[in-house]
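This report describes how the parts of one protein model are arranged and which side chains meet. Please keep the sequence and the structure in view while reading.

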Amino acid sequence: MKKIIKSGQTIKNNELRLPKSSILTPSAKSVITDHKLKLVLIDEIIDNPVTNVLEKASEMAANNIGKFILESGGYLDEKPEHMTQVYGNLLVNKDHKRIKLRGEVDLLMAEIMKVQIRANELKLKDLVSDLQEVFDYIGEMSRSEVLDEPLKTIKILGLNHNEIRERSHNPKKYFGHEHLFNITYEIGEIPILLNSLRALIRKTEIACYEAFKLTDGTVARSDLIKGYNRLSSVMYIIIFKHLDH
């Protein structure tokens, strides 16, 4: 909204009080109408120069009648079915990139549990434990994303970032196998299931990048992107650990 009023306003008893000289844009009028605010024009001039009417009307809605904030601006009392909360009471459309990321995370964690069930049936307790570490780390990343907090640096499988990189880049040295290229079903059930999880992790990493990439080519949450990249390497290591099952 480009037009502004050149004097302030006050809010009282669900009334937006403005000087008679105020200029209202169509968008400001729409917000006032949508949120059932009563516009009262007054003679007195209130200290607070150059204030956007739309912002003040939205602020009033938030403080008094609006339960949810819209990312696009404005407030709502009821959450529409096509929208969801990205954090706090901020509403976004369900195709928002951060919501898509959370969907990928949910799918990934569900598939990990499926593989854990199969590993448990085969009495592969070490694999169940390894996958639980991956599952828990994804949970930490999800919590970090939702709460908008930095991701804590922790070890996975007892390995730090450099150790994970070293092992995943040199499988022959640490596991006695060359890199896995052109994987086929003949590699066995468990390695195939683990490779599927690795593919889902990489898919989730891409969703994370899409959710946090910025227009200048950088990313807002490089810690999360690094975390998913790290997990892809961890899953590669787990495949080699259980390649003969």
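A salt bridge is a side-chain nitrogen of Lys or Arg within 4 Å of a carboxyl oxygen of Asp or Glu. The model is predicted: local features need pLDDT of at least 70, side-chain atom pairs count only at pLDDT 80 or more, and totals for chains, interfaces and linings use all residues. Residues are numbered from 1 along each chain as its sequence is written, and side-chain values use heavy atoms, with hydrogens and water left out.

**Overall composition**

The protein has eight helices and seven strands; helices (H or I, at least four residues) and strands (E, at least two) are DSSP runs, numbered from the N terminus. Of its 245 residues, 41% are buried. Buried means under 20% relative accessible area, exposed over 50%, and partly exposed in between, with a 1.4 Å probe and protein chains only. Contact means heavy atoms within 4.5 Å. Among contacts with a separation of 6 or more, 58% are between residues 24 or more positions apart.

**Salt bridges**

A search of the whole structure finds 13 salt bridges. The table lists examples.

| Pair | N to O distance |
|---|---|
| E121 and R118 | 3.0 Å |
| D148 and R221 | 3.6 Å |
| R221 and D223 | 2.9 Å |

Both E121 and R118 belong to helix α3 (residues 97-121), where they are three residues apart, about one turn of the helix. R118 counts as partly exposed, at 27% relative accessibility.

Which parts does the pair of D148 and R221 tie together? D148 is in the loop between α4 (125-147) and α5 (161-169), while R221 is in the loop between α7 and α8, so the pair links parts that are 73 residues apart in sequence. R221 is buried, with a relative accessible area of 8%, and R221 also forms a salt bridge with D223. D223 is partly exposed, its relative accessible area being 24%. Elsewhere, salt bridges that share partners join K97, E210 and K213 into one network.

**Packing of helices**

Axes are lines fitted to C-alpha atoms, for helices over the stretch in contact, and angles run from 0 to 180 degrees between N-to-C directions. Angles under 35 degrees count as roughly parallel, over 145 as roughly antiparallel, 65 to 115 as roughly perpendicular and the rest as oblique.

The axes of helix α7 (residues 189-212) and helix α8 (residues 222-241) come within 9 Å and cross at roughly 170°. The two helices are therefore roughly antiparallel. Residues of α7 in this contact include P191, L194 and F212, and those of α8 include L224, Y228 and I239. The residues of the contact divide into 15 nonpolar, four polar and three charged. Here Ala, Val, Leu, Ile, Met, Phe, Trp, Tyr, Cys and Pro count as nonpolar, Asp, Glu, Lys and Arg as charged, and the others, Gly among them, as polar.

Helices α4 and α7 pack at an angle of about 10°, with their axes 14 Å apart, which means that α4 is roughly parallel to α7. L127, L131 and E145 of α4 meet I190, L194, L197 and F212 of α7. This contact comprises six nonpolar residues, no polar and one charged.

**A residue of helix α4**

Leaving aside neighbours within four places in sequence, D130 is in contact with L157, I238, K241 and H242.
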